[in-house]
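Please keep the sequence and the model in view while reading.

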Amino acid sequence: MWSVLKFCLIAALVLAGAWWLAALPGGVTADAGAYRITASAPVALLLLLAVVGLLIVFLRVLGGLRRAPRRFAGWRSERRQQAGELALQRGLVAVAAGDASGARAAAVKARTLLGEAAFVQWLTAEAARLSGEGEQARLAFEKLTQSKEMKFLGHQGLLRESLKAGRVDEAARQALAAEEAYPGGAWTRGQRLALAVRAQNYAAALRLTQEPHERAALAVAAAQTAETPKLALGFAKQAAKAEPGSPVALAALARALRAVGKDGAARKTLLHGWKIAPHPLLAAAWLAPGATPLERAQAAAQLSAARPGHMESELLLGETALAAKLTGEARRHAEAALKAGNTDGRAKAILAALDGKPAPAIAPAWRCTACQAQTAEWSCTCPSCGRPGTLTPTHPDSALMATENG
Ligand SMILES: [Zn+2]
């Protein structure tokens with residue numbers, strides 16, 4: 001409706017204009033040398049309008065031609081940017097796939113198209129790292145640490161390269177710089193934890209984790225290596241707090257308590273530990289090293305009374321009876337341990353010793369929850385994968401008890 005009205009209005013105006021133009025009186029005369037041009041006023045006005053129109057079109061074309069090179073340059077730069085970004089994307093995928101030559105080709109292309117941008121430096125460094133060119137990678141990562149936004153990746157790369165080359169001190173410095181560049185990052189904390197564990201700085205490692213199993217193991221190791229008995233007790237208490245049911249933590253706490261003269265508290269701790277999860281480590285801490293075999297057998301009876309009939313109680317009684325040459329007792333308890341489900345060979349070893357037969361192999365007492373490696377002795381870190389706090393008792397009963405009460 002409106003468009004019809006608008007059309008009618010414009011048509012009326014054009015008609016009125018044409019009518020007014022045609023009705024203009026007079027004429028225009030132009031002299032040029034011997035020539036004279038004469039035209040009526042409407043024709044002259046139309047000609048003037050046509051000349052002005054042509055002039056406008058000419059100026060527009062001229063301006064377009066003048067801007068053409070700049071527009072072309074802009075278009076080219078956009079194309080370069082797009083091609084550079086594509087090269088970066090391909091490089092990123094090649095790095096993730098571990099394709100060294102693909103990453104290198106993409107890095108060269110990206111550098112040609114985008115220059116020394118930080119992302120290009122990262123790709124160059126990663127390509128060198130994948131190709132095994134350590135020094136080149138180090139230099140490229142070093143350059144990347146100058147970038148405000150990507151300096152973390154520079155320090156991360158330098159840390160990895162340092163670890164690969166076995167430069168632990170340099171790796172520790174880079175870990176600190178990475179923490180400064182990106183505070184609170186989980187990756188950096190994990191690296192710092194691994195470095196502290198590797199340097200056997202268990203107190204520092206303890207400050208870097210909140211995982212109960214890691215805290216318990218690191219605190220036990222810190223207690224074992226502490227400079228004073230008082231410091232050792234502090235760490236042992238932290239271990240028992242992190243994993244209240246852990247025989248490792250409770251045995252460490254008992255030893256630390258005894259070292260500061262708190263014998264009663266040490267005994268109480270071990271009895272409590274035996275009650276919730278009987279374990280050879282608790283027994284080892286309970287039995288005084290200087291005692292006679294008979295005294296040890298008597299002490300074993302006191303501890304095992306906290307969990308009468310438990311497989312570990314029977315084994316402890318059997319082993320100490322054997323050492324004290326109480327053969328009848330030893331046999332009775334070894335058989336009771338077998339009945340209670342002992343399968344790791346310890347009960348059979350008592351019987352073999354009583355019968356004068358060669359001792360059977362004893363199954364490893366600890367298993368790593370991370371790499372499944374088995375080991376006979378407990379240690380803060382897994383001897384196979386090096387992670388802290390991953391060793392758990394292989395015997396299902398001990399493990400179950402530790403979990404139930406932990
Ligand atoms: Zn492991």
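This is a predicted model: local features need pLDDT of at least 70, side-chain atom pairs count only at pLDDT 80 or more; totals for chains, interfaces and linings use all residues.

A residue counts as buried if 20 or more other C-beta atoms lie within 10 Å of its own, as exposed if 12 or fewer do, and as partly exposed in between. Arg111 sits in helix H3, which covers residues 100-114. Leaving out residues up to four places away in sequence, Arg111 touches Val120 and Thr124. Thr124 is 13 residues from Arg111 along the chain, and the C-alpha atoms of the two are separated by 8.5 Å.

Next come two helix pairs. Helix H6 (residues 151-164) packs with helix H7 (residues 168-181) at an angle of about 165°, and the axes are 8 Å apart. Angles over 145 degrees count as roughly antiparallel, so H6 and H7 are roughly antiparallel to each other. The crossing of H6 with H7 is left-handed. On the H6 side the contact is made by Lys151, Phe152, His155, Gln156, Leu158, Leu159, Ser162 and Leu163, and on the H7 side by Glu170, Ala171, Gln174, Ala175, Ala177, Ala178 and Ala181. Sorted by class, the residues of this contact between H6 and H7 are nine nonpolar, four polar and two charged.

The second pair is formed by helix H10 (residues 212-224) and helix H12 (residues 247-259), which pack at an angle of about 25° with their axes 10 Å apart. Because angles under 35 degrees count as roughly parallel, H10 is roughly parallel to H12. H10 and H12 also cross in a left-handed manner. H10 contributes Ala216, Val220 and Ala223 to the contact, while H12 contributes Val248, Ala249, Ala252 and Ala256. The residues of the contact of H10 with H12 comprise seven nonpolar, no polar and no charged.

Which residues touch the most other members of the largest nonpolar core? In this core of 82 residues, they are Ala219, Val220, Ala223, Ala236, Ala239, Ala252 and Leu253. H12 gives the most to the core, with nine residues. Ala236, setting aside neighbours within four places in sequence, is in contact with Ala219, Ala223, Ala252, Leu253 and Ala256. Another core lies apart from the largest one and has five residues, among them Ala365, Trp366, Cys382 and Leu391.

Definitions and conventions: Residues are numbered from 1 along each chain as its sequence is written. Helices (H or I, at least four residues) and strands (E, at least two) are DSSP runs, numbered from the N terminus. Two residues are in contact if their C-beta atoms, placed from the backbone, lie within 7 Å. Axes are lines fitted to C-alpha atoms, for helices over the stretch in contact, and angles run from 0 to 180 degrees between N-to-C directions. Angles under 35 degrees count as roughly parallel, over 145 as roughly antiparallel, 65 to 115 as roughly perpendicular and the rest as oblique. A crossing is left-handed if the near helix is turned anticlockwise from the far one by less than a right angle, and right-handed if clockwise. Ala, Val, Leu, Ile, Met, Phe, Trp, Tyr, Cys and Pro count as nonpolar, Asp, Glu, Lys and Arg as charged, and the others, Gly among them, as polar. A nonpolar core is a set of buried Ala, Val, Leu, Ile, Met, Phe, Trp, Tyr and Cys residues joined through C-beta atoms within 7 Å.
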